[in-house]
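Dear colleague,

I am passing on the structure below, together with some notes on what turned up in it.

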Amino acid sequence: MKRTTLALGGALIAAAVVTVALHWRRANERTQVATASLPAPPEFRGFPSELEARVRQCEADVRAGRNGTGPLGELARLYQANGFFPEAAKCARGLIALEPANPHWPYQLAAMSADAGRLEDALRLWQRAAILAPSYLPIQLRIGDALFKLDRRDEAAATYTRVLAAEADNPYALLGLARIDLAAGRWPEARQRLEAAAAHSGGAIGGDLLVSVYEHLGDTDQAAQLRGKAKSSGAYFEIPDPWAAELYAYCYDDHRLTIQSGLALQAGDTQRALQLLERALLVAPDSMQANFQLGLLERQLGDNARARQCFEACTRNAPEFSEGWVNLAEMLRTQGDPVAAERVLGEGLLHCPESPALHLLRAQRLAAAQEWDGAVAEYQKVIQLRPEEAGPFLALAKIYFTLGRTDRAVEYLRRSLASEPEFPPALATLALYSIETGDETGARNWMQHVREQVRIPREQRQALVGRYRERFGREPW
Amino acid sequence: MASSDHFPVSVRRRALGGGPALFSAILLLAIQAGCTKTPELPALPPIEARQDVIEDLNRLVPQPVGAPIEGHPWIAHVNVVDLDQDGLPDILVCDAQHNQVTWIRQVTRGHFEEIPLATDIPAPVHVEAADMTGSGHLDLLVASMGEIFPNNDKIGSVIVLENDGHQHFTKHVLADHIARVTDVRAADFNGDGRMDLAVGQFGYDQGEIRWMENLGGWKFESHVLLSLSGTINVCVAPMIDARHTDIVAVVSQQWQEIHLFANDGSGHFTDKVVWGSTNPGYASSGISLCDLNRDGRPDILYTNGDGFGPTVEPGPQPWHGVQWLENRGEGNFIFHRIGYLPGAYSPIGVDLDHDGATDVVAVSGFNNWNDPGAVSLVWFRNDGQLGFTPHVLAYSPTHLITVAAGDLDGSGWPALVTGQFYAYLPFDNRMSRVAVWHPSSKR
């Protein structure tokens, strides 16, 4: 019995030793794989030193086999978030090997593969991620989009349909299906889907295509109504994607962070926009872009003190950036400190003597004070510096109308149309002027433009038609 | 105790309930540890490796040509064409700030003078030469956006400047009050012997691609091929069947796609997305066609580097760069990355070093110009095996969005022509409106 016990004990010890050895070997092999996944460190020129320090620490941890896959994962994220895609991709490949059940790694690598133009590789990776995280809809949407772009429309349609089964009003899936409808010439079906997509995204997703669909189907009123909402909308925003968003916590590039903040703001996510700007200023406290963008946002949110700090930082760190001065002066004026506003304006012009925005601000001040000569000179300076903008021409026209010099006013209105061919205020004013001066041919011509310019409000158009009718006794068109 | 055959109860319990179980567990762990496959790196192609960049600043010598700089130039497009067919290639220019199309005529070798051809075209952004009437004279096709910066109004127009043979031009507005036009090319799409037009319309929220059927007598009928915003270029060439001219277009905005409109020879086109990015911010900025691999089929050169976004200043992104889509026939294309170029614009195929292999040149419009190391003109040298090495030809002037190539001096060596578009800060002394870049050595 003793021998049996001893044998059994021995076997247990042997088994334990073997187990430990095998585990050690396995851990060693995993460390080897992780180490083999370390890219040669790139040059970190222009980045805060903290990024390089974190990279070095991660590398050391990976080599020492510390903390499992954590350091390699952190490294992958650091590289990807800061635009080092070849390096991030190498880490991600290692992570896919080490953690085959983690959907984040194929998802991360897919995004980089897609950006490198390798959509088929990206698709395979997204499909792998989708198996591991079947309920994460952004993956499905990206699969649908990839299939569409690979001209595999039936599969794309099936994917979008699956998304809709999970989330009936998903605007991106509806948009995807609508595009497939359009490619097949199914306009009414596309219309239905785009209307639903637009309805569930505040018009941002599908609203632009919907206009073309309305026009194609002859519903010009609906199309005009949508077109009339903005000179340019650009309302589309990207698929909300928390996994991709997480990456920016690892970003040390203030430019990328401000871009992301702008995109978040477009998508209506003010909180996230703020967070991203805060991070941008954490990694680059003097960042002109981040300070400026945060200033605008804080002003919009009503935190004038913070906004002022941001604009002041802009003028201090980037005195050649005129928009900082413009916004600071504007803030001071609206806060009831016109003396300080004027001082800032003057200072801004000293640093940026050729800034159209600062000259415009001065022109507006002078016009408000009815200092016409000075205002005219400043508006002319703006026009010289930025002839492509219609606004200053209109402002000059208004001054000349006020001064009773209608010939000059009309000349500037016409010139505004060289900058912006269908500039609504110029069209409406020229139409009214022609009506009032009894120039029916001219009035008819301008009224035709007024009719076609969907950005002229309906009431204003009707008023002009009424005035035309009164003056000439017939309809303008 | 009769039942205590071998072990005391306590021991037995341990033996039955603990010993074999522990043994089994250890054995299992051992087996598991022994059998667990060593993790293997998945067979995934690596993302583009970083390329060694060669500084090659003396290869070309710049010569400013044309009118002097006034303010901040907006040269939207340059093209090299022998407009007067006198054997000396000239330069066509779209000056979007002054709303004019000009002709920088090479009067004698190396001497240029700029002549405005049309001075009332709102925001001209692309000019091509083609004989629209069969007269033997080169007419000019002009894409007019109406306004350069975002505007969704229907303010675009398609304009042809008809050449009387003495470079006096008559303006024909073939379409107006349409979404902003960014490119116009000519080809006979329906085989009726008349030159039709392919038209790209960026618009802004709504845009189009159309072909305009030439009915004769400067009458054209439009056929819409696609209703998407964001088209930058439309190129025309037989992409599938040598007998029929197709249309290739790059569509930016949130779509980021390259479309092939395959022509059946009678003006019936079938649309196919031949490549697309799922990244709405991919920033497509231009395409051109050239047979890069010399297999007899035109390939597509493609840049992405448009810098405008939701920030006060545009700037580079890690995915910006230059690539080519290899035409494999039957409407199939394979994407190949050529290299990284932040803010990349205007890809062209040109054998810059005269070694028989077509290289690729592109410019940067939206680099980080506060960084003196930001490149503006890059030559991707083809090693003859379609391996490309980036050579920096210039850091200055900055803000280049258009480049063309041509044998301007008749030596058989190509020169480059660039145009600057100063859309954003910093506006410094690295300015130049239109420049010819002559080869410094022809060996």
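Trp218(B) sits in the loop between strand E13 (208-216) and strand E14 (219-226) of chain B, where helices (H or I, at least four residues) and strands (E, at least two) are DSSP runs numbered from the N terminus. Although Trp218(B) is not a glycine, its phi is positive, at about 60°, and with a relative accessibility of 23% the residue counts as partly exposed (buried means under 20% relative accessible area, exposed over 50%, and partly exposed in between, with a 1.4 Å probe and protein chains only).

This is a predicted model, in which local features need pLDDT of at least 70 and side-chain atom pairs count only at pLDDT 80 or more, whereas totals for chains, interfaces and linings use all residues. Residues are numbered from 1 along each chain as its sequence is written, chains are lettered from A and ligands numbered from 1 in the order in which they are written, and side-chain values use heavy atoms, with hydrogens and water left out.

Most residues other than glycine have a negative phi, and most peptide bonds are trans. Against that background, Gln370(A) has a positive phi, near 55°; Gln370(A) lies in the loop between helix H20 (356-368) and H21 of chain A and, at 56% relative accessibility, counts as exposed. In chain B, the peptide bond from Ser396(B) to Pro397(B) is cis, with omega near 0°, and Pro397(B) belongs to the loop between strand E26 (388-394) and strand E27 (400-406).

As for chain B overall, it contains 1 helix and 29 strands, and 59% of its 443 residues count as buried.

In chain A, helix H21 (residues 372-385) packs against helix H22 (residues 391-402) at an angle of about 155°, with the axes 9 Å apart; axes are lines fitted to C-alpha atoms, for helices over the stretch in contact, and angles run from 0 to 180 degrees between N-to-C directions.
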